[in-house]
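Trainee: I would like to learn how to read a structure of this kind, one feature at a time. Could you show it to me and begin with the contacts of a single residue?

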Amino acid sequence: MSERWVQHRRDEIRCSGMNETLSQKINGAWNAFTRFNPYVRNILRQISHMREKGLCEEAIGLCDMVLTLDPCNPSVFHAKGKILEDVGKLEEAVSCYHLALEFDPFNAETWYNLGVILSRIGDPEEGARCIHQGVSLGG
């Protein structure tokens, strides 16, 4: 299953007004593909390892490289958001979390992380809403 196929199906759903359940299934299929793809898993491990070692700029660079090749990968946007949060670039982290949620709106951890940052940067109401969304999704 390719990213192009998933995007095509998402576009069909938006245009046809199909129900959200079908959209959730397509998003879930793509996320399962990315999650279980050994190549993607290995890159995400490398990014995480770099982050743990404090090589944040290098990890951000690797995220950007992967996103150039796969611009719809919510896992990489999420990872980049966490790194940006670590280095204090909170506005950029918010943008990454929003992009991750655009491609995977059912990721509880991303909703929660977004809510925490929004609360920290002065939007406690939206932050609380996002945290609640993350908790309601099982985070």
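Mentor: Contact here means heavy atoms within 4.5 Å, and, leaving aside neighbours within four places in sequence, I117 is in contact with E85, L90, A93, V94 and Y97. Please keep in mind that this is a predicted model, in which local features need pLDDT of at least 70 and side-chain atom pairs count only at pLDDT 80 or more, while totals for chains, interfaces and linings use all residues. Residues are numbered from 1 along each chain as its sequence is written, and side-chain values use heavy atoms, with hydrogens and water left out.

Trainee: In which helix is the place of I117, and does I117 count as buried or exposed?

Mentor: Helices (H or I, at least four residues) and strands (E, at least two) are DSSP runs, numbered from the N terminus, and I117 has its place in helix α7, residues 108-120. A residue is buried under 20% relative accessible area, exposed over 50% and partly exposed in between, with a 1.4 Å probe and protein chains only; I117 counts as buried because its relative accessibility is 0%. The C-alpha atoms of I117 and L90 are separated by 6.8 Å, although these residues are 27 apart along the chain.

Trainee: How many helices and strands does the chain have?

Mentor: The chain has 8 helices and 0 strands, so that from the N terminus on its elements run α-α-α-α-α-α-α-α. Of its 139 residues, 39% count as buried, and among contacts between residues at least 6 apart in sequence, 44% join residues at least 24 apart.

Trainee: With which residues is A79 in contact, leaving aside its neighbours within four places in sequence?

Mentor: Those residues are L44 and I47. A79 itself lies in helix α5, residues 74-86, and is buried, since its relative accessible area is 15%. The C-alpha atoms of A79 and Y97, which are 18 residues apart along the chain, are separated by 8.9 Å.

Trainee: How many aromatic pairs does the structure hold?

Mentor: Rings of Phe, Tyr and Trp (its six-membered ring) pair if their centres lie within 6.5 Å, and planes under 30 degrees apart count as stacked, over 60 as edge-to-face and the rest as tilted. The structure holds 1 aromatic pair: the rings of F77 and F103 have their centres 6.2 Å apart and their planes at 15 degrees, so the pair is stacked. This pair links distant parts of the chain, with F77 in helix α5 and F103 in helix α6 (residues 90-103), 26 residues apart. Both F77 and F103 are buried.

Trainee: Is L69 buried or exposed?

Mentor: L69, whose place is in helix α4 (residues 56-69), is exposed, because its relative accessible area is 65%.
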